[in-house]
Amino acid sequence: MTMIPYGRQSINQSDIDAVLQVLHSDWLTQGPVVPRFEQQLADYCGAAHGVAVSSATAALHLACLSLGLGHGDTLWTSPNTFVASANAARFCGALVDFVDIDPTTYNISIDALRQKLRSAQQANALPKIVMPVHFAGNPCDMAAIAALADEYGFSVIEDASHAVGAEYQQTKIGACRYSDATVFSFHPVKLMTTGEGGMLLTNSGAIREKAARLRSHGVTRDLDGGHGDWEYRQLELGFNYRMTDMQAALGCSQLQRLDDFVARRHELVARYRQLLQHPSIALPETTEGAYSSWHLYVIRLLDGIDRKRVFERMRESGVGVNVHYIPVHTQPYYQRLGFHEGDFPQAERYYSEALTLPLFPDLTDEQQEYVVEQLLQAIS
Ligand SMILES: *Cc1c(COP(=O)(O)O)cnc(C)c1O
């Protein structure tokens with residue numbers, strides 16, 4: 001039996017044709033399609049600039065560097081995320097700390113953030129950057145985070161790896177109305193794909209310029225040092241974090257389909273909601289006034305149901321359930337940095353009950369009914 005995965009890409013003939021067109025052209029990388037993709041996604045989100053890169057991890061790293069994060073600085077993020085969110089700060093030599101989650105949205109808790117900021121101010125240890133993560137595609141309360149950013153003077157990077165196509169206060173995530181930069185991932189399990197890939201969105205010309213330069217070795221061609229037309233100048237130590245034109249062509253094509261992808265996810269979520277009325281299953285809730293992109297459909301198994309057993313039984317029957325996320329502070333690497341189990345109890349409690357069910361645009365109604373049937377059997 002082939003496994004129904006928890007998430008997967010949807011590729012159609014137009015996607016394939018778009019990539020083939022680049023393969024027949026003069027440029028496989030650093031051609032005209034990357035800037036086109038950047039412009040199209042920035043326009044879609046209502047942001048001034050897009051900087052396309054090789055992954056969201058690279059985009060998070062560049063966002064941190066462009067905001068000046070370095071040794072002696074601290075970044076705060078949610079423990080309920082993929083390790084890349086926290087790692088981005090470690091790449092810059094900065095310290096990481098976490099803020100516990102809200103037990104209803106599984107996003108960073110605004111109350112916990114406010115309290116932690118108050119104590120950090122007294123200890124003269126305020127963060128330079130706070131990185132909220134729009135978990136499962138459900139937007140964080142960005143207005144509240146921006147108000148705290150004003151009060152305490154930190155920068156904000158949205159890790160929107162789950163949230164391209166989502167909206168907050170009738171504005172697309174990526175507009176950066178309440179943040180300095182927003183980062184998307186185009187890994188195949190995310191909402192739209194370029195194979196590997198990511199993008200940084202910002203309204204700041206300075207952040208755009210710095211991130212674009214660091215993406216390509218810290219080199220610029222916009223400087224006349226008197227050499228001649230071949231001249232390039234390395235101004236700082238950068239990376240090769242470039243996206244190829246083949247990837248960007250797939251991105252442009254997928255962007256045309258994004259709204260349909262998210263609409264289908266909403267349909268499937270409405271069906272899960274109907275099919276999963278069960279006293280021992282907690283269904284996910286979304287932030288008031290927000291439109292989730294529904295990257296993940298995470299339920300919680302209550303009343304002491306053995307999550308591991310349910311997971312194994314469903315995998316055996318061909319349902320590729322998953323778990324998002326093992327709290328980052330409990331990873332061996334972060335434990336070595338001084339974090340302990342028990343540090344962020346809401347995230348740990350959530351993790352002990354969470355189970356991610358399949359959700360992706362090409363999931364059929366019949367497959368979904370099979371998933372529900374297997375789940376209800378596994379918990380009975
Ligand atoms: C997937 C993911 C990333 C990393 O994305 P890549 O494109 O694979 O580098 C970062 N943060 C979160 C929350 C993610 O889900």
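This is a predicted model: local features need pLDDT of at least 70, side-chain atom pairs count only at pLDDT 80 or more; totals for chains, interfaces and linings use all residues.

Residues are numbered from 1 along each chain as its sequence is written, and side-chain values use heavy atoms, with hydrogens and water left out.

**Stop 1: the ligand.** Select Thr57, Asp159, His162, Ser185 and Lys190, which come nearest of the 15 residues around the ligand (near means a heavy atom within 4 Å). By class, this shell holds five nonpolar, eight polar and two charged residues (Ala, Val, Leu, Ile, Met, Phe, Trp, Tyr, Cys and Pro count as nonpolar, Asp, Glu, Lys and Arg as charged, the others, Gly among them, as polar).

Now try some distances. From an N or O atom in the side chain of threonine 57 to a ligand oxygen is 2.5 Å. For the side chain of serine 185, a ligand oxygen sits 2.8 Å from an N or O atom.

**Stop 2: the largest cavity.** A cavity is a set of points on a 1 Å grid over the protein atoms alone where a 1.4 Å probe fits but cannot get out, and lining residues have an atom within 4 Å of a point. The largest cavity has about 90 Å³ of space.

**Stop 3: the second largest cavity.** Select Phe135, Trp294 and Leu296, which are part of its lining. About 70 Å³ of space is in there, the volume being what probe spheres set on the points fill, with points joined across faces, edges and corners.

Definitions and conventions:
On a 1 Å grid over the protein atoms alone, a cavity is a set of points where a 1.4 Å probe fits but cannot get out, and a pocket is an open set with protein on both sides within 12 Å along at least five of seven lines; lining residues have an atom within 4 Å of a point. A polar contact is a pair of N or O atoms within 3.5 Å; within protein, one must be able to donate a hydrogen and the other to accept it, and residues adjacent in sequence count only if both atoms are side-chain atoms.
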